[in-house]
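Subject: Structure handover and findings

Hello,

Please find the structure below, handed over for your own work. My notes on it come after.

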Amino acid sequence: MSDSTAFSRPRTEPRKRNAEATRAAILEAAKSHFALLGYDCAVLRDIARDAGVDVALVKRYFGGKEALFVEALRASFLSDAVRAWDRATFSRDMAIMLAGSPHADEDRTHRFQFLLRAATSPNTAPLLNLLVQDRFLEPIRSWLGGDDADARARVLAASYIGLLVERLIRGEALQGRERDVFVDRVTTIFETLLSEPAGMT
């Protein structure tokens with residue numbers, strides 16, 4: 001084989017890219033299984049099968065079920081999305097989204113189901129609490145700013161989560177006057193939460 005032949009051979013994809021794709025596939029499969037079954041019932045072998053890898057590779061990348069769960073949970077928090085919120089339109093945008101169908105954005109609904117599963121298990125609720133503080137409440141506190149940002153962020157998060165639960169249970173978009181009233185009232189709720197409270201005595 002000549003030197004020119006060797007140099008002209010097509011380059012293969014770097015191993016790093018394959019590793020990243022494999023890791024992403026495992027995470028996606030894990031999020032699906034944890035969302036549908038919860039932490040206790042999800043099985044690493046089934047997650048590996050859906051990711052198209054051997055279970056030993058799951059353990060190699062993540063170390064075990066709990067570590068995989070934490071990584072999948074962390075990947076479900078889109079903390080950067082908070083920074084993109086527009087204060088001028090946030091309240092009405094959220095109200096319109098919450099009046100709609102949970103099937104309009106399956107990825108958002110899927111992530112939320114995963115978080116709900118984590119919140120209702122005594123094994124995973126403490127892990128979720130740590131991530132909520134770091135990747136959800138902290139970005140909201142920074143985005144809100146001003147006085148009492150900690151308390152306002154917590155009430156905003158609780159209101160948002162509660163309304164997401166209602167939308168998930170409802171299962172369909174609101175229509176007609178009910179939708180109009182819902183959007184107006186939810187908009188008012190969020191606008192109140194965005195405003196800084198008057199001085200407390």
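The notes below go from the overall fold to helix packing, aromatic rings and one backbone angle.

Overall fold

Please keep in mind that this is a predicted model. Of the 201 residues in the protein chain, 37% are buried.

Helix α3 (residues 44-51) and helix α4 (residues 55-62) have axes that come within 8 Å and cross at roughly 100 degrees. An angle of 65 to 115 degrees counts as roughly perpendicular, which makes α3 roughly perpendicular to α4. On the α3 side the contact is made by Leu44, Arg45 and Ala48, and on the α4 side by Val55, Val58 and Lys59. Sorted by class, this contact of α3 with α4 has 4 nonpolar and 2 charged residues, and no polar ones.

Helix α7 (90-99) is mostly covered, with 7 of its 10 residues buried. The buried residues are Phe90, Ser91, Met94, Ala95, Met97, Leu98 and Ala99. What do the buried residues of α7 pack against? Their partners are α8 (106-119), α9, α10 (149-170) and α11 (176-194).

Aromatic rings

The structure holds 9 aromatic pairs. One of them is Phe34 with Tyr39, a stacked pair with 6.1 Å centre to centre and 20 degrees between the planes. Phe34 has a relative accessible area of 0% and is therefore buried. Tyr39, with a relative accessible area of 17%, is buried too, because the cut-off for buried is under 20%.

Another pair is Trp85 with Trp143, whose ring centres are 5.1 Å apart. The planes of these two rings stand at 85 degrees, so the pair is edge-to-face. Trp85 lies in the loop between α6 (79-83) and α7 (90-99), whereas Trp143 is in helix α9 (residues 125-144). The pair therefore ties together parts that are 58 residues apart in sequence. Trp143 is buried, with a relative accessible area of 13%.

Phe34 and Tyr39 also belong to a cluster, in which ring pairs link them with Phe69 and Phe114. Tyr39 has a charged neighbour as well: Lys65 lies over the face of the Tyr39 ring, at 4.7 Å from the ring centre. A second case of a charge over a ring involves Arg170 and Phe182. The charged end of Arg170 sits over the Phe182 ring, 5.6 Å from its centre.

Backbone

Which residue other than glycine has a positive phi near 55 degrees? That residue is Asp148, and Asp148 lies in the loop between α9 and α10. Asp148 has a relative accessible area of 42%, which means that Asp148 is partly exposed.

- the crossing of α3 and α4, at roughly 100 degrees
- the edge-to-face pair of Trp85 and Trp143
- the cluster of Phe34, Tyr39, Phe69 and Phe114
- Asp148, with its positive phi

Regards

Notes: Residues are numbered from 1 along each chain as its sequence is written. This is a predicted model: local features need pLDDT of at least 70, side-chain atom pairs count only at pLDDT 80 or more; totals for chains, interfaces and linings use all residues. Side-chain values use heavy atoms; hydrogens and water are left out. Axes are lines fitted to C-alpha atoms, for helices over the stretch in contact, and angles run from 0 to 180 degrees between N-to-C directions. Helices (H or I, at least four residues) and strands (E, at least two) are DSSP runs, numbered from the N terminus. Angles under 35 degrees count as roughly parallel, over 145 as roughly antiparallel, 65 to 115 as roughly perpendicular and the rest as oblique. Contact means heavy atoms within 4.5 Å. Ala, Val, Leu, Ile, Met, Phe, Trp, Tyr, Cys and Pro count as nonpolar, Asp, Glu, Lys and Arg as charged, and the others, Gly among them, as polar. Rings of Phe, Tyr and Trp (its six-membered ring) pair if their centres lie within 6.5 Å; planes under 30 degrees apart count as stacked, over 60 as edge-to-face and the rest as tilted. Buried means under 20% relative accessible area, exposed over 50%, partly exposed in between (1.4 Å probe, protein chains only). A charge sits over a ring if NZ of Lys or CZ of Arg is within 6 Å of the ring centre and within 35 degrees of the ring normal.
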